[in-house]
Number of protein chains: 2
Amino acid sequence: MAFGLSFKQQQFEVREEAILDAVNHLLSEKGYDLMTMDDVADEVGVAKGSLYKHFSSKEKLAGAVLTRLLRETLARLDAMTAEWTAARKLEEVLRWSLQHRLRGGVPHLPSTSRSFQRSLMRNLDYLGHAMRLQKRLKELVAKAREDGELSAQVADEVIIFTLYSRSCDPTVEFLKQSGNLSDEQIVEAMVAATFGGLSKR
Amino acid sequence: MAFGLSFKQQQFEVREEAILDAVNHLLSEKGYDLMTMDDVADEVGVAKGSLYKHFSSKEKLAGAVLTRLLRETLARLDAMTAEWTAARKLEEVLRWSLQHRLRGGVPHLPSTSRSFQRSLMRNLDYLGHAMRLQKRLKELVAKAREDGELSAQVADEVIIFTLYSRSCDPTVEFLKQSGNLSDEQIVEAMVAATFGGLSKR
DNA sequence: GTCTATACACCGATAGAC
DNA sequence: GTCTATCGGTGTATAGAC
């Protein structure tokens with residue numbers, strides 16, 4: 001077996017993806033603190049003990065989901081056409097994050113749990129990807145600033161933190177629950193509110 | 001003792017306020033799920049069992065803190081001068097919420113815990129105050145809309161939910177932690193970003 | 001009402017058979 | 001590597017003495 005993975009290894013990979021999918025769903029549904037390893041085991045359909053053969057702790061498990069999300073986000077940035085302005089790209093990042101959440105995905109920011117946040121700061125794999133994304137966003141903000149497309153009233157760091165924060169904004173769930181707007185309308189309303197503001201222009 | 005409260009009753013009230021202050025602090029620090037009754041008892045300086053003579057459960061205890069916050073917010077609205085426009089009043093509500101958080105207060109929205117959110121929906125005292133605040137905000141939004149001060153791109157419900165959500169926006173903590181801005185600058189940056197938007201006008 | 005002590009349940013992680 | 005069973009720890013809530 002010189003090329004590719006053995007059947008066993010493939011099966012292992014598939015199960016691991018299934019675990020991550022389940023955690024992704026449960027994290028967005030219940031948050032880190034309320035998600036239990038029993039929940040995960042039940043949703044995947046394996047015994048709780050088996051999870052620990054894949055991930056050595058709950059923190060590592062949740063961290064792997066967020067790392068995968070960061071990888072997807074970076075890939076998404078890479079795939080954007082060069083024709084778009086930097087400001088447009090920033091808008092698209094937000095748009096994609098909101099769509100991801102409306103499809104039941106975990107938000108980029110685990111705003112829920114302080115203990116989880118601290119564990120992420122000790123997760124080198126996560127940190128590496130987070131820094132790469134941070135760097136990309138900073139470059140885009142600098143470029144958009146040069147183009148004169150960003151408000152002079154709002155500092156660069158405020159813009160970046162705001163983009164992160166919108167990805168876990170509870171407004172998404174409120175609007176979803178009110179039932180007056182479609183998913184697409186929710187995304188566009190929040191993008192308009194974030195970049196255009198609440199006040200009349 | 002025809003007027004006022006007896007000494008015993010006064011002491012009881014004072015202790016109850018002390019408990020609520022401690023919970024207010026702990027909730028904003030650790031969130032609902034991670035805050036334990038032991039934490040509360042330690043911070044107040046009473047035995048854990050004694051807490052249950054004041055509040056019959058952790059949910060009731062946390063609910064009382066949020067109800068008190070809603071009362072304060074309503075009082076704050078009542079105290080606003082009639083000279084201000086409706087749009088200015090909305091801005092001031094946001095400003096006060098952010099200041100409150102920067103002083104270590106709980107956010108209006110317990111975005112952290114789903115179980116706590118559900119318990120609030122069964123807390124009649126909380127619900128009553130929440131609906132009164134909701135009504136006041138709706139009136140202000142309607143008035144500001146009449147005045148032509150709000151963006152036509154953003155629906156009324158999006159505006160109201162956005163205001164609620166900003167009160168628990170993690171951007172506050174990010175900016176605080178980055179250390180580049182004073183508390184006042186953080187408030188003004190977020191108010192500007194929320195009402196003015198990120199894009200150049 | 002306040003304390004100490006404890007009941008009861010849940011959860012993260014591990015042990016050991018297969 | 002997956003299962004069942006269980007340990008150790010922690011958290012809410014209660015019991016009972018004072």
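R101(B) touches V106(B), P107(B), R166(B), S167(B), C168(B), D169(B), V172(B) and E173(B), residues up to four places away in sequence being left out of the count, where a contact means heavy atoms within 4.5 Å. The residue belongs to helix α5 (residues 86-102) of chain B; helices (H or I, at least four residues) and strands (E, at least two) are DSSP runs, numbered from the N terminus. With a relative accessible area of 10%, R101(B) is buried, the term standing for under 20% relative accessible area, against over 50% for exposed and partly exposed in between (1.4 Å probe, protein chains only).

This is a predicted model, in which local features need pLDDT of at least 70 and side-chain atom pairs count only at pLDDT 80 or more, while totals for chains, interfaces and linings use all residues. Residues are numbered from 1 along each chain as its sequence is written, chains are lettered from A and ligands numbered from 1 in the order in which they are written, and side-chain values use heavy atoms, with hydrogens and water left out.

Chain A comprises ten helices and zero strands, and 49% of its 201 residues count as buried. Its C-alpha atoms fill a box of roughly 55 × 45 × 30 Å along the principal axes. Among contacts in chain A with a separation of 6 or more, 68% join residues 24 or more positions apart.

Helix α1 (residues 7-34) of chain A spans only 35 Å between its end C-alpha atoms, whereas a straight helix of 28 residues would span 40 Å at 1.5 Å a residue, the expected span being 1.5 Å times one less than the number of residues. α1(A) bends by about 85° at S28(A), the bend being the angle between axes fitted to the seven residues ending there and the seven starting there. S28(A) is also one of the buried residues of α1(A), which include E16(A), I19(A) and Y32(A). What covers these buried residues includes α4 (58-78) of chain A and α6 (114-120) of chain B.

Finally, 14 residues surround DNA strand C, the closest being M37(A), K58(A), A47(B), S50(B) and K53(B), with a residue taken as near if one of its heavy atoms lies within 4 Å of the strand. Sugar and phosphate make up 67% of the atoms of DNA strand C that come within 4 Å of the protein. A backbone N or O atom of M37(A) lies 2.8 Å from a phosphate oxygen of DNA strand C, and for A47(B) the corresponding distance is 2.6 Å.

Definitions and conventions:
A polar contact is a pair of N or O atoms within 3.5 Å; within protein, one must be able to donate a hydrogen and the other to accept it, and residues adjacent in sequence count only if both atoms are side-chain atoms.
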